[in-house]
Amino acid sequence: MININLIYLGIIFLVIFIVLLIVLLIVFTGKNQKTSSNKTTRNYHVSMPTTYTLDLPKIIEGMSKNQLRDISKKIFESYKSFDYKNQASSRLSEKEWHSWQVSILLMTFKRLEELVIYNQEDIFPDIIINSSENDIKSLMRDIIRKYEQYVDFNQSKDALCKDYIWSNRDVSVIFYFLANYKNYSK
């Protein structure tokens, strides 16, 4: 009798052990599937924004590479002087840039020029520095779409200089993109 009770007891423990093992395998397998599916959603790929069909003011389209580079550098020097890195994050929402300046910067990208910007960590706000390549490309695509929808490129330089629709964040993204896009995947 003792042997039969021990056998029954052993079978019961064995069944409980197998059930626990199956439950643990299901739980850990489910967690691994969730983790791997999260990784795939985080590893999405945003293609490079394009400006091939972007219409810009004829005067800007006609600028030489040297003119474009010099003016872009002057705009960047103005940007740098505002020290957005050390400003309150709410300041990034302020619209302080006009469409003529943004047109020149977009032309810089359209011509596949880049701006060499050293010490980027000391210049750009952390929200820009800590953004992923995909985030920056997405933001740049949004800026190009905004330009196409809201800027009348046929207006005069004076009119475009009065068109303050660009935030400090927009211009930060453009400069950061221009300084880094050649390192981005297509």
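**Salt bridges, a cavity and a surface patch**

Lys-65, Arg-69 and Glu-113 are linked in a network of salt bridges. The model is predicted, so local features need pLDDT of at least 70 and side-chain atom pairs count only at pLDDT 80 or more, while totals for chains, interfaces and linings use all residues. Residues are numbered from 1 along each chain as its sequence is written, and side-chain values use heavy atoms, with hydrogens and water left out.

Reader: What makes the contact of Lys-65 and Glu-113 a salt bridge?

Author: A salt bridge is a side-chain nitrogen of Lys or Arg within 4 Å of a carboxyl oxygen of Asp or Glu. The side chains of Lys-65 and Glu-113 meet at 3.4 Å, N to O, so the pair is called a salt bridge. Lys-65 lies in helix α3 and Glu-113 in the loop between α4 (99-110) and α5 (126-129), so parts 48 residues apart in sequence are tied together. Helices here are DSSP runs of H or I with at least four residues, and strands are runs of E with at least two, numbered from the N terminus.

Reader: Why is Glu-113 called buried?

Author: Buried means under 20% relative accessible area, exposed over 50%, and partly exposed in between (1.4 Å probe, protein chains only). Glu-113 has a relative accessible area of 17%, so the residue is buried. Lys-65, at 47% relative accessibility, counts as partly exposed.

Reader: Why is Asp-170 called buried?

Author: The relative accessible area of Asp-170 is 11%, so Asp-170 is buried. Its side chain meets that of Lys-146 in a salt bridge (3.2 Å, N to O). Asp-170 lies in helix α8 (residues 168-180) and Lys-146 in helix α6 (residues 133-150), so the pair ties together parts 24 residues apart in sequence.

Reader: What lines the largest cavity?

Author: A cavity is a set of points, on a 1 Å grid over the protein atoms alone, where a 1.4 Å probe fits but cannot get out; lining residues have an atom within 4 Å of a point. Lys-65, Leu-68, Arg-69, Thr-108, Glu-113, Glu-114 and Leu-115 line the largest cavity. Helix α3 (residues 65-81) gives the most to this lining, with 3 residues.

Reader: Why is Tyr-8 called exposed?

Author: Tyr-8 has a relative accessible area of 53%, so the residue is exposed. Tyr-8 is placed in helix α1 (residues 2-42).

Note on methods: On a 1 Å grid over the protein atoms alone, a cavity is a set of points where a 1.4 Å probe fits but cannot get out, and a pocket is an open set with protein on both sides within 12 Å along at least five of seven lines; lining residues have an atom within 4 Å of a point.
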